[in-house]
Amino acid sequence: MESILCLVHTDSNGALPKPAFEALAVAKDLAAGLGGASVDIGLIGADVAAAANAVAAAGARKLLGVSGAEFGQARYATDAAAAAALVKASSATFVVATQTSRFARVLAGVAQRIGGRIDTHVTGVAVKDGAVVVNRWYYRQRMEATVTRAARPWIIAVDPGCVKPWSGAAGAAKVEAVKVELPEVRTQVAGLRSPSADEQTIRPDAELLFVAGAGWTKKQADGQTHVPEAEKLILGFLHASQASLGGSKSLVDASGEGEAVLRFMTHLNQIGQTGATPRHQKGLATCCHGEEPHTVGWRFVTERRAINKDAGCGWARGKADVLYVADAFEVMAKVNALLKK
Amino acid sequence: MSIQYQIVVCGSIVPDPLQTLEPVTSAAGPALKNEMMLPAVLDPWAGHALFEAANIARQHPGSKVYLVSLGPKAKLQQVMMTVAQKAPFELIALDGPSSGFTEAAEVAAALAEAIKGIPGIDMSRLLVFGGWESASRGAGATMQMVGELLGISEQFQGVDQITIAADGSFEILERIEAGQHQVSTCAGAPALLGWATGNLPEPPNNPQVGMANMRVVMPALSKAKPVKLTGEGLTFASVALPKQQRETRIEKNMNADDIAKEIVAWVQQG
């Protein structure tokens, strides 16, 4: 009989982040698909009581917890030991988690430690003919595969935003504490470093992703570049719309090649093959050009619109819902003016 | 006295990202169409790891960089012709598939074995580098497993910066959500770092470095240990290109005012 461990961690406030509820939804669906396999929930955090209460109504067989100050922050040595201890305590054959940065850094090591196997960046989990199959992308989102495995335990790390999170009433949960033997810990977490207040990065919480392409820094109709104006227009739009900023690889790389650059654009903004593949609800691409593989950066954006001067551009044609063949400088100036009203 | 590090960079080769990729089914499972014909490059994030390793080695005289690479020998040789001009390193080649469809755990076992076999490897001076994900499998799994197999529990992924202090401790910036970095301090080697982009630009080609490297690259390739990856227990039910094609509404004649109004309405739509 298969059994499932839904592995979650708390955030800095001791609550469960949204991806934890997504993992729980996947675990419950998987259990139903397997004909009623049991689901345990494994919690990691400084204090897991509030988090356990939040999933009290999820119908878990057991709630297992690893808690203590050393588990309040993401750190490989402590997180790997905690996760491995929880898997052993539950004797699970499947471990479902979401690919938060904290778990992404540790779950493959845990798979190795417990003698299991792992699939990461999973976008779908199903049971077909009694076998569990997962979907994931290969070659940086350029081809999609359906995979199944014989090995157990099988850790399945689901990308955040792929499923509807589980929701249920909070209650009073009883957590079974799991003891962890820690190795010598030689790493201390000093804290977080945020980009400066005026620096834009890819923010998953934004409704809209604004993608700037290399066209912004190229010579315009008058034969001149207009980089300061481009910066003003882009930052003006980001400020007015609260959009998140992404950049094409060619624009991000321009700085290393000595070309004109947008000062706020860094590798943290890069989307596509060697950058992020964000999952915003809406995406507006401006001055972006190119065929595959450049377009993979916004494959997972739901509603896509583009502004560029080439009606046949592979970035937009067949990939965007709407392509405005126009000068982005002119259009964005008018958009900003309207948003200010 | 500065620590003389042994920096082992794990990095394989991937098809040039600008190539068209198409999956096919081979006897050994999924593969890329004309895989052996596709031009290859050093995996981009592994490349960043190599450049960061070379930078640390330069700052700590007596340090040495090793590049452990698993791939078809002929393709490795082709890629090394370019990579060898970027930074001084000693190649440890493993002759086997570089496909993204291989099993991470098997690749990790082969890499860990190769690292353990480096003569004079010293855990107290060992830094293991690699890309935090590859451009092929893109799982972010192999390096963590290599660390486990080597018994390294100080691991960092999505690293953009390492700053080594005089006492051998170091500060590390790891990428986390929302464009933030987690800042950690580690007491010292051994440690494993899966690099994101880092801060260093790709070094220009240096023919002198290339000549020096190639003197050891060619012998390393000739004695590359064959590695067989079976993918036991892993079954691909399907591998396909995404077929989703959108019906794009192309507005060629709309004026800027109307476009702006339409975009603003769309942005503000709930």
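## A sheet across two chains

Strands here are DSSP runs of E with at least two residues, helices are runs of H or I with at least four, and both are numbered from the N terminus; two strands pair if DSSP finds at least two bridges between them.

This is a predicted model, where local features need pLDDT of at least 70 and side-chain atom pairs count only at pLDDT 80 or more, while totals for chains, interfaces and linings use all residues. Residues are numbered from 1 along each chain as its sequence is written, and chains are lettered from A and ligands numbered from 1 in the order in which they are written.

Within the sheet, S1 (residues 3–9) and S4 (residues 94–98) of chain A are parallel partners over three bridges. Look for Ile4(A), which stands opposite Phe94(A) in S4(A).

## A helix with two sides

Now turn to chain B, where helix H6 (residues 256–268) has 13 residues. From first C-alpha to last H6(B) reaches 18 Å, close to the 18 Å expected at 1.5 Å a residue (1.5 Å times one less than the number of residues).

Ile259(B), Ala260(B), Ile263(B) and Val267(B) are buried in H6(B) (20 or more other C-beta atoms, placed from the backbone, within 10 Å of a residue's own; exposed means 12 or fewer, and partly exposed lies in between). These buried residues fall within an arc of 100° seen down the axis, so they line one face of H6(B); the arc is that of the directions from the helix axis to the C-beta atoms. On the face turned away from the buried side sit the exposed Ala265(B) and Gln268(B).
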